[in-house]
Amino acid sequence: MDRLNFKVLQQFWTIAKSYWLGDEKWLARGLLLSVVLFLLAYTGLSVLLNNKRGVLISALSAQDKSRFWQTVIIFIGVLVIYAPLLAGYTYLRDRLSLQWRKWLTHRFVDNYFRDRAYYNLHIGKTEIDNPDQRIAEDVRSFTQESLTFLLVLVESVLSVIAFSSVLWGISKPLVFFLVLYALIGTLVTTFVYCSILTPTLRLMSNS
């Protein structure tokens with residue numbers, strides 16, 4: 001558990017805040033807000049699809065023809081909205097990841113060439129091979145993994161909230177169990193994420 005500490009979070013925020021509080025902060029925040037809104041709509045439609053799927057099965061079991069076709073029409077209408085919504089979410093997520101990676105790469109490369117730092121690295125006794133390539137790879141790993149972790153966490157919270165309202169009427173103990181399961185899963189995921197990202201944070205902090 002030594003890797004899951006505030007020092008890791010502090011290192012993460014020290015690197016991440018340069019983009020979210022920098023000259024492109026409004027673009028970054030706007031893209032992040034758009035991604036979260038698309039994710040919220042996506043989760044809501046997922047709950048609706050799950051509900052209509054149950055209604056569809058019930059209509060088939062009861063051989064209720066009018067209810068069946070009414071549900072099918074609603075189901076198709078939701079799918080028509082669902083597909084472009086998912087595509088829009090994927091596009092905005094990837095664009096945000098690319099913008100963050102591009103901005104942070106330029107920042108570290110500028111620092112690499114400033115004050116002949118590249119020259120000092122080459123003449124000094126260092127074990128770093130191809131620093132420019134390492135910068136690009138570390139930034140890619142940092143931005144993609146951080147954004148993926150954040151969105152998975154948000155999606156999990158939204159899913160728990162959305163489906164809890166449905167499950168509450170079925171079984172209250174089941175809701176409490178799922179919430180506890182989600183909390184434990186989040187803690188485990190956070191620990192694994194910090195363990196994976198710690199070497200990258202150390203290298204980027206020293207850059």
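Is Y181 buried or exposed, and what is its relative accessible area? Y181 is exposed, with a relative accessible area of 58%, where buried means under 20%, exposed over 50% and partly exposed in between (1.4 Å probe, protein chains only). The model is predicted: local features need pLDDT of at least 70, side-chain atom pairs count only at pLDDT 80 or more, and totals for chains, interfaces and linings use all residues. Residues are numbered from 1 along each chain as its sequence is written, and side-chain values use heavy atoms, with hydrogens and water left out.

Y181 belongs to helix α6 (residues 172–205); helices are DSSP runs of H or I with at least four residues, numbered from the N terminus.

Aromatic rings provide a further theme. Rings of Phe, Tyr and Trp (its six-membered ring) pair if their centres lie within 6.5 Å; planes under 30 degrees apart count as stacked, over 60 as edge-to-face and the rest as tilted. The count by this rule is eight aromatic pairs. In one of them, the ring centres of F68 and W69 are 5.2 Å apart and the planes stand at 75 degrees, so this pair is edge-to-face. W69 is partly exposed, at a relative accessible area of 49%.

W100 and F142 also form an edge-to-face pair, because their ring centres are 5.7 Å apart and their planes at 75 degrees. W100 lies in helix α3 (residues 65–113) and F142 in helix α5 (residues 131–168), so the pair ties together parts that are 42 residues apart in sequence. Both W100 and F142 are buried.

Note on methods
Helices (H or I, at least four residues) and strands (E, at least two) are DSSP runs, numbered from the N terminus.
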